[in-house]
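Subject: A structure for you to look at

Hello,

Here is the structure I promised to pass on. Please open it and keep it beside this email as you read.

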Amino acid sequence: MSSLIKIYKDKVAPELSKEFNYTSVMQIPSIKCVSLNMGLGEGSQNNKIIQDSVRDLSLIAGQRAVVTRAKKSIAAFKLREGMPVGCRVSLRGDRMWAFLEKLLTIALPRVRDFRGVPDRGFDGRGNYTLGIKEHTIFPEIEIDRIEKAVGMNISVITTAQTDKEGKMLLKLLGMPFKK
């Protein structure tokens with residue numbers, strides 16, 4: 001069991017319950033899922049980029065990544081329906097908690113000139129999305145094997161009803177928001 005889930009159960013849940021005056025334990029916000037996504041525009045022309053990204057994302061997540069394909073043909077981008085355009089992974093349960101712990105304690109502090117993550121990534125329903133410019137901040141990635149650094153989106157899906165509840169949940173878990 002991840003130490004982050006212990007922190008959630010012992011400290012975060014009681015603090016949220018006290019802060020927002022929840023009458024039931026089921027009202028306390030928790031994290032449902034973490035979704036990782038790499039969009040690879042030039043991947044439709046070069047299949048090796050897709051394969052390398054799937055390998056890297058699988059290493060980062062600890063779970064096999066799925067190739068995403070184009071839904072429509074777009075002539076301006078030289079894109080046909082069904083061509084590979086990225087990869088994604090959805091994490092739940094123990095893998096989700098392990099990934100969040102790794103993100104908060106290892107990966108984000110490795111970002112150059114890191115001052116915190118922006119708090120404008122909330123969607124109005126308590127879910128948070130964070131963009132990372134280089135996936136090389138994760139310790140599983142061997143920098144020597146990387147031909148091109150690729151960015152990724154990390155979406156944290158919560159059961160919170162509002163952004164205020166979602167932000168409080170993530171802040172108590174250790175998400176370093178900008179001041």
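Below is what was found, from the whole chain down to single residues.

First, the ground rules. This is a predicted model, in which local features need pLDDT of at least 70, side-chain atom pairs count only at pLDDT 80 or more, and totals for chains, interfaces and linings use all residues. Residues are numbered from 1 along each chain as its sequence is written, and side-chain values use heavy atoms, with hydrogens and water left out.

**The whole chain**

The protein has four helices and five strands. Here helices (H or I, at least four residues) and strands (E, at least two) are DSSP runs, numbered from the N terminus. Their order along the sequence is α-β-α-β-β-α-β-β-α. The C-alpha trace spans about 55 × 35 × 30 Å along its principal axes.

Of the 179 residues, 42% are buried. Buried means under 20% relative accessible area, exposed means over 50%, and partly exposed lies in between (1.4 Å probe, protein chains only). The protein exposes about 10600 Å². Carbon and sulfur atoms supply 49% of that area. Accessible areas come from the Shrake-Rupley method with a 1.4 Å probe; for residues, only the protein chains shown count as cover.

Now the contacts, meaning heavy atoms within 4.5 Å. Take those with a separation of 6 or more: 67% of them join residues 24 or more positions apart.

There are 30 positive and 19 negative charges, and their mean positions are 3 Å apart. Lys and Arg count as positive and Asp and Glu as negative, while His and the chain ends are not counted. Each charge is placed at NZ of Lys, CZ of Arg, CG of Asp or CD of Glu.

**A record entry**

UniProt, in an unreviewed entry, places "domain: Large ribosomal subunit protein uL5 C-terminal" at residues 84-177. UniProt positions are given in the numbering used here, feature names are shortened, and annotations may be inferred rather than shown by experiment. In the model, this span is 28% helix and 21% strand. Its end C-alpha atoms lie 34 Å apart.

**Salt bridges**

Side chains of opposite charge can pair when their charged atoms come close. A salt bridge here is a side-chain nitrogen of Lys or Arg within 4 Å of a carboxyl oxygen of Asp or Glu. How many salt bridges does the structure hold? It holds five.

Start with K48 and D52. Their closest N and O atoms are 3.2 Å apart. Both residues lie in helix α2 (residues 47-61), four residues apart, about one turn of the helix. K48 is partly exposed at 40% relative accessible area, whereas D52 is buried at 16%.

R55 and D56 also form a salt bridge, at 3.2 Å from N to O. R55 is partly exposed at 28%, and D56 is buried at 5%. A network of salt bridges links K48, D52, R55 and D56.

D119 and K167 make another salt bridge, at 2.8 Å from N to O. D119 lies in the loop between α3 (93-107) and β4 (128-132) and K167 in helix α4 (residues 163-173), so the pair ties together parts that are 48 residues apart in sequence. D119 is partly exposed at 39%, and K167 is partly exposed at 23%.

Is R120 buried or exposed? R120 counts as exposed, at 70% relative accessibility. R120 sits in the loop between α3 and β4. Its C-alpha atom is 25 Å from that of I5, 115 residues away along the chain.

H135 is in the loop between β4 and β5 (152-158). H135 is buried, at 1% relative accessible area. Leaving aside neighbours within four places in sequence, the contacts of H135 include M38, D56, I60 and M152. H135 and S53 are 82 residues apart in sequence and 9.5 Å apart in space, C-alpha to C-alpha.

**Positive phi angles**

Most residues other than glycine have a negative phi. N21 has a positive phi, near 55 degrees. N21 lies in the loop between α1 (3-20) and β1 (31-39) and is exposed at 63%. D113 also has a positive phi, near 55 degrees. D113 is in the loop between α3 and β4 and is exposed at 63%.

Best wishes
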